[in-house]
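Hello,

Here is the structure I promised to pass on to you. Please open it beside this message, and then read on for what was found in it.

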Amino acid sequence: MTSMLTRPGRLPSGTPVRAQVSVIDAGLSTTLQDLGRPGFAHLGVTTSGAADRAGLTVANRLVGNADGAAALENTFGGLAIAVSADRYVAITGATVEIRVDGRAPAEGRRILLRAGQILSLGRPVTGLRTYVAVEGGIDTDRVFGSAATDCLSGVGPAQVRSGTTLALGAGHPVPHDIPLELTVPRLPVGAAEVRFRWGPRDGLFAPQDRAALTATTWTVSADCDRVGARLTGPPLTVGSVDLPSEGMALGAIQIPPSGEPIVFLADHPVTGGYPVIGVVIERDVDLVAQAAPGTRIRLAALPRGDD
């Protein structure tokens with residue numbers, strides 16, 4: 001299949017011009033994301049997809065796209081885009097300053113972006129990742145059924161760079177009956193509570209270490225990306241553990257030899273050899289994905305069997 005990731009001037013002669021989004025500035029990090037490629041772990045391919053799945057889904061719904069349509073995931077702000085045809089654009093996830101041609105838009109989360117206007121994002125005030133969905137969705141090649149960029153394995157499209165132009169799907173009617181006040185994202189504020197379930201290797205830890213996991217207010221370190229978030233605090237005692245590599249789940253709380261937990265996020269490895277003391281519930285993985293370095297986190301254990 002011919003790639004829909006194009007650069008200006010590369011369309012063959014006579015090819016109909018399609019609506020496009022031009023990435024003027026990709027900021028520190030911008031990738032293409034959808035809801036990922038589930039079902040291929042046995043082939044060594046993780047699901048990947050949006051780090052904050054709720055953020056992506058809401059953005060797509062605001063512009064009438066399917067929940068899993070491809071959109072832009074921007075980390076730490078700085079993104080600037082323009083469209084070649086009038087399109088609605090939705091911005092969700094982290095709280096950022098939004099500008100259209102240098103001015104604050106009247107409506108913050110959904111904007112009718114006119115052809116040639118420049119939409120730009122500032123640095124996040126709260127949260128870490130911002131989702132920008134464009135009416136029609138981004139139309140590009142898919143790998144294992146997904147347009148998601150997996151930053152660990154390299155599966156999927158390359159990271160979005162400044163100057164890249166992306167083709168858009170056909171425009172369509174956009175719903176205006178979604179109350180925008182109901183689309184406010186769930187972002188970590190203060191000491192965010194993150195719920196998890198014990199296991200599968202919690203039995204390898206002494207009672208005092210299991211108690212310390214939930215009693216400590218952990219801090220998200222600067223060592224965080226789409227693969228996982230390392231938490232800093234008084235280290236747990238792992239002891240001498242010799243485990244064969246085993247499957248890793250989204251939200252797994254792995255305890256490496258340092259004793260400081262790592263919460264695995266969207267691009268986590270398929271297998272790992274360090275013990276997993278618990279697994280963050282799927283809804284709260286989104287919360288960890290929005291936790292910038294320095295964010296405080298409390299890990300709250302759910303009763304066994306509790307959803």
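Arg-142 is partly exposed, having a relative accessible area of 43%, where partly exposed covers the range between buried (under 20% relative accessible area) and exposed (over 50%), computed with a 1.4 Å probe on protein chains only. Please keep in mind that this is a predicted model, in which local features need pLDDT of at least 70 and side-chain atom pairs count only at pLDDT 80 or more, while totals for chains, interfaces and linings use all residues. Residues are numbered from 1 along each chain as its sequence is written, and side-chain values use heavy atoms, with hydrogens and water left out.

Which residue does Arg-142 form a salt bridge with? The partner is Asp-34, with the closest N and O atoms 3.2 Å apart; a salt bridge here is a side-chain nitrogen of Lys or Arg within 4 Å of a carboxyl oxygen of Asp or Glu. Arg-142 sits in the loop between β10 and β11 (165-167), and Asp-34 in the loop between β3 (29-33) and α1 (53-62), so this pair ties together parts that are 108 residues apart in sequence. Helices (H or I, at least four residues) and strands (E, at least two) are DSSP runs, numbered from the N terminus. Asp-34 counts as buried, at 2% relative accessibility.

The whole structure holds 14 salt bridges. Another of them joins the side chains of Glu-282 and Arg-53 (3.6 Å, N to O), and because Glu-282 lies in helix α3 (residues 282-289) and Arg-53 in helix α1, it ties together parts that are 229 residues apart in sequence. Arg-53 is partly exposed, at 24% relative accessibility.

Turning to the nonpolar residues, a nonpolar core is a set of buried Ala, Val, Leu, Ile, Met, Phe, Trp, Tyr and Cys residues joined through side-chain atoms within 4.5 Å. The largest one has 27 residues, of which Leu-72, Ile-81, Ile-91, Leu-119 and Val-132 touch the most other members. Strands that each supply at least two residues of this core include β2 (20-26), β6 (87-95) and β10 (126-134). Leaving aside neighbours within four places in sequence, Val-132 is in contact (heavy atoms within 4.5 Å) with residues including Ala-71, Leu-79, Val-89 and Leu-121. A second, separate core has 24 residues, among them Cys-224, Ala-229, Ile-253 and Val-285.

Best wishes
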